[in-house]
Amino acid sequence: KFYRNIKEVAQNKYLNKEHLLCDESIKWFESLENMFLIYEDNTNNYKQIFRADIIENKCDKELNDKELFDSFCEKFKINKSFQMDEIICSFSLLKHEALKTAKLNDKYKGQTTPIVMYILENRVTKYLYIAPFSCIEEEEEVLTLGLKNFKIIDIKKFDNNYIEIYIDEII
């Protein structure tokens, strides 16, 4: 919940909305912003970083896991671009840890829960390795700040409603 509050502060600030959250969340976000001003990107030595997300139903109708997965996958095509809609984006240096962290999400319901793994190879903006400060130490967490645009390089679909989308960041 604390992390979600900080993400909400970020969304509000970047979308010029009023902050309705407590001062503590605002201070934490401002500290995070300062980190991005002060520190250089410390992830350049890593070829890939990983982000796993539970695929959520954003439709007006109820969908089962397979229908939700298929609906999500239809939106992504090789060589097309998209934007992640989060201001604070968390990645991991380790693919298995990204997946493990996604499965800790309260939205994870079991093996058929639809999951997307974003595999980011080429980055053009700043990313910070923050594992020493992360709540989940073994996650090997990397953060980026601000809306990001990505180009889809490759897509691999697997059984059990799991998809890997290989992406490059674009300006």
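Analyst: Let's begin with E140, which counts as partly exposed in this predicted model. Its relative accessibility is 22%, and because buried means under 20% and exposed means over 50%, that value falls in between. E140 sits in the loop that links β5 (127–129) to β6 (141–145). The backbone is what makes this residue worth a look: E140 has a positive phi of about 55°, although it is not a glycine.

N161 is not a glycine either, yet it has a positive phi of about 60°. You will find N161 in the loop between β7 (148–158) and β8 (162–170). Is N161 buried or exposed? With a relative accessibility of 7%, N161 counts as buried, whereas E140 is partly exposed.

The protein has four helices and eight strands. Following the sequence, they come in the order α-α-β-α-β-β-α-β-β-β-β-β. Of its 171 residues, 42% are buried.

Among the helices, α2 deserves a visit. This helix runs over residues 23–38, which is 16 residues. From first C-alpha to last it reaches 22 Å, close to the 22 Å expected at 1.5 Å a residue. Which residues of α2 are buried? They are S25, I26, F29, L32, E33 and F36. These residues lie on the same side of α2, because they cover an arc of only 120° around the axis. The other side of the helix carries D23, K27, L37 and I38, which are exposed.

Now to strand β1 (residues 49–54), which contains A52. A52 counts as buried, at 13% relative accessibility. The C-alpha of A52 is 6.8 Å from that of I115, although the two residues are 63 residues apart along the chain.

Y108 belongs to the loop between α4 (95–103) and β4 (115–122), and with a relative accessible area of 22% it is partly exposed. Between the C-alpha atoms of Y108 and I55 there are 9.4 Å, while 53 residues separate the two along the chain.

I55 also turns up at a pocket. The second largest pocket has a volume of about 190 Å³. It is lined by 13 residues, and those closest to its centre are I55, D65, L68, K107 and K109. Sorted by class, the lining holds five nonpolar, three polar and five charged residues.

Finally, a word on cysteines. How many disulfides does the structure hold? The count is zero. For reference, a disulfide is a covalent bond between the sulfur atoms of two cysteines. C73 counts as buried at 7% relative accessibility, and C89 is buried too, with a relative accessible area of 1%.

Conventions:
Residues numbered from 1 in each chain as written. Predicted model: local features only at pLDDT ≥ 70, side-chain atom pairs only at ≥ 80, totals over all residues. Heavy atoms only, no water. Helix = DSSP H or I, 4+ residues; strand = E, 2+ residues; numbered from the N terminus. Expected span 1.5 Å × (residues − 1). Buried < 20%, exposed > 50% of the residue type's maximum accessible area, 1.4 Å probe, protein only. Arc of directions from axis to C-beta. 1 Å grid on protein atoms, 1.4 Å probe; cavity = no way out; pocket = protein on both sides within 12 Å on 5 of 7 lines; lining within 4 Å. Points joined across faces, edges and corners; volume = space filled by probe spheres on them. Nonpolar A, V, L, I, M, F, W, Y, C, P; charged D, E, K, R; others polar. Disulfide = S-S within 2.5 Å.
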